[in-house]
Amino acid sequence: MVTIWWGVLGLLLGGYFALAGYDYGIGMLLPALSRDEAGQRRVLGAVGPFFLANEVWLIAAVGVLFGAFPHLEGRVFAGAYVLVVLLLLGLVTFTAAVQLRSRHPEGGRRGWTFAITAGALVTAVSWGLFLGNLVRGLPLDAQGHPVDDVLALFNPYAVLWGLGFVALFCLQGLVFLSVRGPAEIAGRVRRLTRSFLAPVGFFLVIATAWGAFSATSWAALVVVAIAFAAYLTVLFGLRRPRLALPAAMLLTASPALLVGVLRYPVVLSSTSGYQLTVEQAATTPDMAAVLGWFAAPALLVLIAVQWLTWRAHRRPVDEKSLLHF
């Protein structure tokens, strides 16, 4: 049962990165994709129908984390509280700016555009730093308590993950726009996509090489192989955007999946040797059973709504499209 709940958490987090990654990528690149107001509104309109639904996956994942693995969330948030605060600031800024930017038709929007870009950038870097530290090991002492060394969270390997997530989200956002973006930016999207392929490839090689030496599970090597297969599909499938998009989504989900299976059944480790297994992190069997009554129906509804939303808004944005933001 504990393994099943760990798989549910991985599915929700993987779904969040696969779907919300292109939101942040488009947010970071918004000023580069279009300089005029009408063009920027159409760019945001491409993600508009999916925007809030994409964020629901993160909310559901946090709910499972708190409910099914209460001992894990306490250790993780204590060991990386600075990154958690930065992540929340980025998420709130980005989400609010996207929804408030077009609230007043006659108002100035440069400030909101800057907030969208800055919020997306902080979110991407924070996620990379957070997951990179989970791979390397959080700065906790031998008893699992946080140490007084904030700078340890910004070690070179975690910084590489932070920069890698910026490139990864941008690449995913560009591939998404090649499917649903307005036609007038198609050429710019293709040029920018090619420029992000090399940084993402570099990130994959360096990050997964470290992870392979840390891995104690065959599942980690499977996830690494899937990540490289997805990257090659994007690399050689750019002329077929509807093939490249699922591959880019799978590629963006792979780092989170790698963290989850890297040392399984150990789900949290520290630089001082502290380890927390999935059994130690889990809640009581009775609570897990109660959560099970709600988790399966909610997950089915979430997947169904996401799929129906995509089916209803799968065509590219044009002058006649309803713009949500």
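Is glutamate 184 buried, partly exposed or exposed, and what is its relative accessibility? In this predicted model, in which local features need pLDDT of at least 70, side-chain atom pairs count only at pLDDT 80 or more, and totals for chains, interfaces and linings use all residues, glutamate 184 counts as partly exposed at 45% relative accessibility, where buried means under 20% relative accessible area, exposed over 50% and partly exposed in between (1.4 Å probe, protein chains only). Residues are numbered from 1 along each chain as its sequence is written, and side-chain values use heavy atoms, with hydrogens and water left out.

Three salt bridges were counted, a salt bridge being a side-chain nitrogen of Lys or Arg within 4 Å of a carboxyl oxygen of Asp or Glu. In one of them, glutamate 184 pairs with arginine 42, with 2.7 Å between the closest N and O atoms. This pair links distant parts of the chain, 142 residues apart, with arginine 42 in helix H2 and glutamate 184 in the loop between helix H7 (156-180) and helix H8 (186-214); helices (H or I, at least four residues) are DSSP runs, numbered from the N terminus. Arginine 42 is buried, its relative accessible area being 15%.

Glu37, Arg101 and Arg109 are joined in a network of salt bridges. Arginine 101 is buried at 2% relative accessible area and arginine 109 is buried at 12%, whereas glutamate 37 is partly exposed at 31%.

Technical notes: Helix = DSSP H or I, 4+ residues; strand = E, 2+ residues; numbered from the N terminus.
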